[in-house]
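Hi,

Here is the structure I promised to send over. Have a look at it first, and my notes follow below.

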Amino acid sequence: MKLTIHEDVKKIPYYPKAMLYGFDEGWARLSSNENPYPPSQKVFSDIFDALFFTNRYPGGEAELKAAIAKKFDTAPEQVLIGNGSNELIEMTLRAMKHETRNRIIISDPSFAFYAIAAQIYGYEVRTVPLVDMHVDLGLISSRIDDATRVIFLNNPLNPTGTIFVQEDFENFLKTVPPEVLVVVDEAYAEFVESGQFPRTIKDVSEWPVLMLRTFSKAYGLAGLRVGYGIGERSLISFLERTKQPFSVNMMALIAARAALSDNAYLKKVLKNNQKGMHFFYEALRELSVEFIPSEANFLLIKLGKEAEGITKRLFDEKVVVRWMGAYGLPDFIRVSVGTMNENRRFVETLLRVK
Ligand SMILES: Cc1ncc(COP(=O)(O)O)c(C=O)c1O
């Protein structure tokens with residue numbers, strides 16, 4: 001039978017734009033810890049120039065590595081670029097596969113993709129509970145055994161926004177055997193204000209540590225998918241062997257380099273986040289609603305048994321937040337800091353639907 005593609009396409013149900021909540025003006029999209037602002041102007045102009053070269057395979061990875069290396073005062077050979085930090089998480093699991101060591105350790109809760117990707121690659125997942133909503137590195141250390149291969153630490157932790165500090169991290173590293181890789185996912189590091197946040201970059205050459213960062217959050221490039229890892233040279237070249245050629249597209253590479261060069265943009269984003277976070281703190285205190293003070297661009301809020309219902313009612317009012325049932329925290333929602341208008345709208349709507 002001859003298939004008329006044109007006619008077939010017509011049969012696909014049409015989803016009105018609003019189904020993609022957030023891309024039309026009516027929605028406050030506060031569920032994925034995204035940057036509420038469009039990217040830096042420098043990103044737009046550099047991408048526009050690069051359009052001319054899209055007949056070529058992506059260039060620009062070496063230049064981005066060099067720019068990242070300069071920012072962290074390290075060598076380009078210590079930098080790995082991925083299609084979002086998610087690709088780096090997957091790449092790590094692929095490269096680290098081992099005959100007898102086949103277990104990862106993560107905190108519970110933690111960013112969901114660690115466990116998902118680990119299971120795809122045949123690892124067993126060991127979870128370690130939080131203590132008082134914080135990752136307890138001593139407890140994680142006590143769960144390392146002969147089967148442990150990779151430990152994923154997320155700092156600040158998604159979904160709590162809490163951090164572990166430099167001193168505890170250094171003590172922890174002394175307990176990790178050399179066969180185990182510690183991945184420190186710092187997707188939200190730019191937002192941290194605490195002076196005790198670990199300077200992981202100092203540890204990457206001395207310990208089996210891979211530091212992950214992303215352009216998806218503070219730099220506003222979530223839709224382009226680009227993240228990076230920094231580690232010791234031999235680790236980076238080992239991991240890179242499992243990377244698909246050209247996995248990061250040319251626009252993403254060029255946009256990331258432009259974004260990195262625009263400090264004024266980053267400053268504006270961080271200032272907005274600080275202001276928004278303090279607005280949330282004050283408003284929630286006034287409403288006597290409990291929350292976990294956060295070092296990131298999102299806030300974990302306790303709403304009790306009604307949390308799921310409130311999430312749905314907020315959605316009906318076009319305010320999208322994340323119910324934390326899937327993270328084992330059914331009494332909580334997670335809300336990203338948006339623009340001040342979005343933050344106000346969230347608080348006003350919450351008051352109405354609570
Ligand atoms: C802790 C954490 N790591 C990684 C990611 C994924 O980031 P990317 O967009 O760089 O793949 C996220 C996204 O929400 C995250 O919360």
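Buried here means under 20% relative accessible area, exposed over 50%, and partly exposed in between (1.4 Å probe, protein chains only).

Before the rest, some housekeeping. This is a predicted model, where local features need pLDDT of at least 70 and side-chain atom pairs count only at pLDDT 80 or more, while totals for chains, interfaces and linings use all residues. Residues are numbered from 1 along each chain as its sequence is written, and side-chain values use heavy atoms, with hydrogens and water left out.

Salt bridges

Side chains of opposite charge can pair when their charged atoms come close. The structure has 14 salt bridges, each defined as a side-chain nitrogen of Lys or Arg within 4 Å of a carboxyl oxygen of Asp or Glu.

Back to Arg-103, then. Its side chain meets that of Glu-124 in a salt bridge, 3.0 Å from N to O. Glu-124 sits in strand E4 (residues 124–129) and Arg-103 in strand E3 (residues 103–108), so this pair ties together parts 21 residues apart in sequence. Helices (H or I, at least four residues) and strands (E, at least two) are DSSP runs, numbered from the N terminus.

Another pair is Glu-240 with Lys-65, whose closest N and O atoms are 2.9 Å apart. Because Glu-240 belongs to helix H8 (residues 233–240) and Lys-65 to helix H3 (residues 61–72), the pair ties together parts that are 175 residues apart in sequence. Glu-240 is partly exposed at 25% relative accessibility, and Lys-65 is buried at 13%.

Glu-308 and Lys-312 also form a salt bridge, with 3.7 Å between the closest N and O atoms. Both are in helix H11 (residues 307–316), four residues apart, so about one helical turn separates them. Glu-308 is partly exposed, with a relative accessible area of 32%, and Lys-312 is exposed at 52%.

Buried residues

Ile-151 is in strand E5 (residues 148–154) and counts as buried, with 0% relative accessibility. Ile-151 is 48 residues from Arg-103 in sequence, and their C-alpha atoms are 8.8 Å apart in space. Leaving aside neighbours within four places in sequence, Ile-151 has contacts that include Ile-105, Ile-140, Phe-172 and Val-182; contact means heavy atoms within 4.5 Å.

Thr-349, in helix H12 (residues 340–353), is buried as well, at 2% relative accessibility. With neighbours within four places in sequence left out, Thr-349 is in contact with Leu-314, Glu-317 and Val-319.

A positive patch

Helix H10 (residues 263–286) gives the largest share of the patch, three residues. Lys-267 is in helix H10 and is exposed, with a relative accessible area of 65%.

Cheers
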